[in-house]
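Below is a short report on a model with its sequence. Read it with the structure open beside you.

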Amino acid sequence: MKTFNPDAIGEKLLRRFAGRTSRRSIISRLGIALVAAPIFPVLPVSRAEAAKPDRTPEAKTAFARNAQTKDDTKCDYWRYCAIDGSLCTCCGGGVHTCPAGSEPSPVSWVGSCINPEDGKAYMIAYRDCCGKPACGQCGCDNTDRETQVYLPQLNNNVIWCFGTSSMEYHCSTAIMIGAA
Amino acid sequence: MTLLRSKLACMLLTGVVASSLAMPALAETIVAEAEEATVNTLEPPKTGWFFVKGGWGSAGSSIFDSATGKMIGMIATGRDSDMAIDPAGKVYYVAETIWTKGNRGTRQDLVAVYDAKTLKLLTEIPTPGRLIIGGLKTNFMLSDDGKTAYDYNFDPASSVNVIDLVKRKFVRAIELPGCANLIPNPGVGFSSLCADGTLATIAVKGASQEITRTEPFFDAAADPIFANFAYDRKKKQAVFLSYTGMVRTAAISAKPVVSEPFSIQQAAGLRAADTKPLDIAWFPGGSQVMALHRPTSTLYVLMHMGEYWTHKHGGDEIWALDLTSKKVTKRIPIKSPVHNIEVTQDDAALIMITDRKNNATILDAKTGEIKHAIENAGGGHITVVEPM
């Protein structure tokens with residue numbers, strides 16, 4: 001099964017963020033993170049990239065086998081394979097929209113989720129909406145390919161409200177980045 | 001007013017009659033003297049105490065006596081803070097983040113120092129930042145001599161803040177790219193797990209440091225090691241457990257040595273678990289997924305049946321793994337899934353488990369017998385006094 005490369009994803013997201021922000025201190029910290037990127041692992045999974053993806057039920061996780069595409073207010077909506085927190089779709093927002101008064105985090109953790117309609121894997125950025133109290137609705141904690149904090153771009157416990165005016169966590173969105 | 005008085009007198013009389021009927025003997029002697037409001041103090045932290053953090057968003061850690069199951073106090077541990085116990089037992093340290101206007105304003109990162117006897121705030125040590133996460137026991141760590149604290153920061157580049165606990169002053173930050181989760185390394189500095197599958201050792205030398213790494217020994221993306229690992233300060237040994245149930249020990253020194261892994265499932269006489277979908281097996285899972293009883297080198301692990309990538313599922317059983325013989329010596333079934341486990345470090349070891357509904361259960365580690373059930377104990381992680 002094709003496994004995505006966390007280093008490339010992390011760097012892509014960080015570069016994208018760095019290109020459009022003006023917050024000097026955060027840029028400086030991200031710069032350090034980017035410098036660190038080459039030290040990050042050349043994991044065995046990277047070498048498996050060339051392998052043809054296997055999308056048979058036997059190759060899919062329990063989440064992917066049971067995921068649906070119709071209702072984005074449910075934890076089993078396909079994009080939510082590695083989400084942790086309240087769904088913004090239940091809090092007055094949308095799948096890529098923060099509820100009124102909250103602010104999207106410019107950085108995020110990511111997941112690689114399979115759309116059951118076409119059987120393809122897509123990279124999803126779980127961007128927190130910040131600056132309001134915890135929404136509390138539709139709490140989900142899905143863990144496909146979710147790792148620990150030493151690999152932070154794949155960890156869903158970190159509060160990702162960096163570079164926002166407040167670090168208070170409100171809810172999480174699931175933004176399409178592209179094919180994984 | 002007269003009517004009211006007579007009614008009150010009647011009610012009081014009825015109450016006295018009713019209580020005298022219900023209780024043939026007086027339960028206590030009433031001394032009709034005005035009492036003063038007093039405040040309790042605590043003994044120094046004890047081996048038999050569990051410090052239980054409230055659930056996500058909670059601002060306190062309740063202290064329970066494992067012998068009685070009773071709450072004896074609370075330490076103010078703000079939301080997503082990290083607590084550490086002074087090895088000398090004189091103070092508690094809480095690394096936390098607060099804002100000047102509650103949910104907004106200027107961010108302040110600090111280590112609050114509380115007197116262990118009065119639980120009163122002694123001082124605050126400002127720091128440049130810290131990772132806000134909650135549920136991790138390896139973010140904030142004290143050196144064995146209690147003189148230095150290491151506080152992990154992520155903003156989103158990773159570093160470690162060094163804090164002098166004698167002078168109660170922030171010293172400096174050490175950049176630590178690609179690593180997190182701190183292990184004490186006496187006389188050297190600290191060690192840390194890294195995304196490249198290595199263990200980094202940071203030798204702190206005054207104003208500089210030297211960072212060395214072991215050879216890669218695990219795959220951080222395919223079979224990660226749980227960040228809530230255990231560490232034995234006496235043996236200078238870390239115990240690591242991976243999502244599939246591979247157990248490793250690491251002898252911590254200037255050049256740590258990591259053991260060959262073995263499967264906890266095979267140690268229980270079952271086949272090893274793997275990462276394939278639809279492969280149902282026993283897997284470790286939860287938040288504080290394991291507890292080490294250091295005097296007997298027994299690792300207690302929360303286990304559940306399922307597929308891979310279920311590492312946050314609560315445990316349905318506790319497996320007692322003897323790290324010396326590499327055998328699972330006991331399996332204790334649990335009625336409903338629990339997410340955190342800790343064990344007292346005395347000979348008569350008692351286990352505490354908590355679930356996401358804030359319920360706690362205290363069990364005898366040897367027999368599995370339930371000693372106490374505590375409602376609203378807290379759903380966060382649990383801390384005990386470590387043998388030094």
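## Terms and model

Two strands pair if DSSP finds at least two bridges between them. Strands (E, at least two residues) and helices (H or I, at least four) are DSSP runs, numbered from the N terminus.

This is a predicted model: local features need pLDDT of at least 70, side-chain atom pairs count only at pLDDT 80 or more, and totals for chains, interfaces and linings use all residues. Residues are numbered from 1 along each chain as its sequence is written, while chains are lettered from A and ligands numbered from 1 in the order in which they are written.

Strand S5 (residues 91-99) of chain B runs antiparallel to strand S6 (residues 107-115) of chain B, and 9 bridges join them. B:Tyr93 stands opposite B:Val113 in S6(B).

S6(B) is also joined to strand S7 (residues 121-127) of chain B, by 6 bridges and again antiparallel. Here B:Val113 has B:Thr123 of S7(B) as its bridge partner. S6(B) and S7(B) form a hairpin with 5 residues between them. In that turn, B:Leu119 has a positive phi of about 60°.

## The four-stranded sheet of chain B

An open sheet of 4 strands in chain B has the order S3-S2-S1-S30, with antiparallel pairing. Strand S3 (71-76) and S30 of chain B stand at the edges with a single partner strand each, so one side of each is left without a neighbour in the sheet. Strands of a sheet pair through backbone hydrogen bonds, either parallel or antiparallel.

Look next at strand S1 (residues 49-53) of chain B. It is joined to strand S2 (residues 60-65) of chain B by 5 bridges. B:Phe50 has B:Phe64 as its bridge partner in S2(B), and B:Phe51 stands opposite B:Ile63. Strand S30 (residues 382-383) of chain B is joined to S1(B) by 2 bridges. There, B:Val52 stands opposite B:Ile382.

## Burial in the chain B strand S1

A residue is buried if 20 or more other C-beta atoms lie within 10 Å of its own, exposed if 12 or fewer, and partly exposed in between; C-beta atoms are placed from the backbone. S1(B) is mostly covered, with 5 of its 5 residues buried. B:Trp49, B:Phe51 and B:Lys53 point one way, and B:Phe50 and B:Val52 point the other way. In a regular strand the side chains alternate between the two faces of the sheet.

## Core and a buried threonine

A nonpolar core is a set of buried Ala, Val, Leu, Ile, Met, Phe, Trp, Tyr and Cys residues joined through C-beta atoms within 7 Å. The largest one has 141 residues. B:Phe229, B:Tyr300, B:Val301, B:Leu321 and B:Ile351 touch the most other members. Two residues are in contact if their C-beta atoms, placed from the backbone, lie within 7 Å. Is B:Thr361 buried or exposed? B:Thr361 is buried, with 20 other C-beta atoms within 10 Å. Leaving aside neighbours within four places in sequence, B:Thr361 is in contact with B:Ile353, B:Ile370 and B:Ala373. B:Asn139 is 222 residues from B:Thr361 in sequence and 26 Å away in space, C-alpha to C-alpha.

## Chain A

Chain A has 4 helices and 8 strands. From the N terminus on, its elements run α-α-α-α-β-β-β-β-β-β-β-β. Of its 180 residues, 51% are buried. Among contacts in chain A between residues at least 6 apart in sequence, 74% join residues at least 24 apart.

In chain A, 3 strands form an open sheet in the order S2-S5-S7, with antiparallel pairing. Strand S2 (103-104) and strand S7 (169-172) of chain A are the edge strands, and each pairs on one side only. Strand S5 (residues 128-130) of chain A pairs with S7(A) over 3 bridges. In this pairing, A:Cys129 stands opposite A:Cys171.

## Where the chains meet

How many residues of chain A are in contact with chain B? 38 residues of chain A are in contact with 38 residues of chain B. Helix H2 (24-36) and helix H3 (44-47) of chain A each supply at least two residues of the chain A side. H2(A) gives the largest share, 5 residues.

By class, the chain A side has 25 nonpolar, 6 polar and 7 charged residues. Ala, Val, Leu, Ile, Met, Phe, Trp, Tyr, Cys and Pro count as nonpolar, Asp, Glu, Lys and Arg as charged, and the others, Gly among them, as polar.
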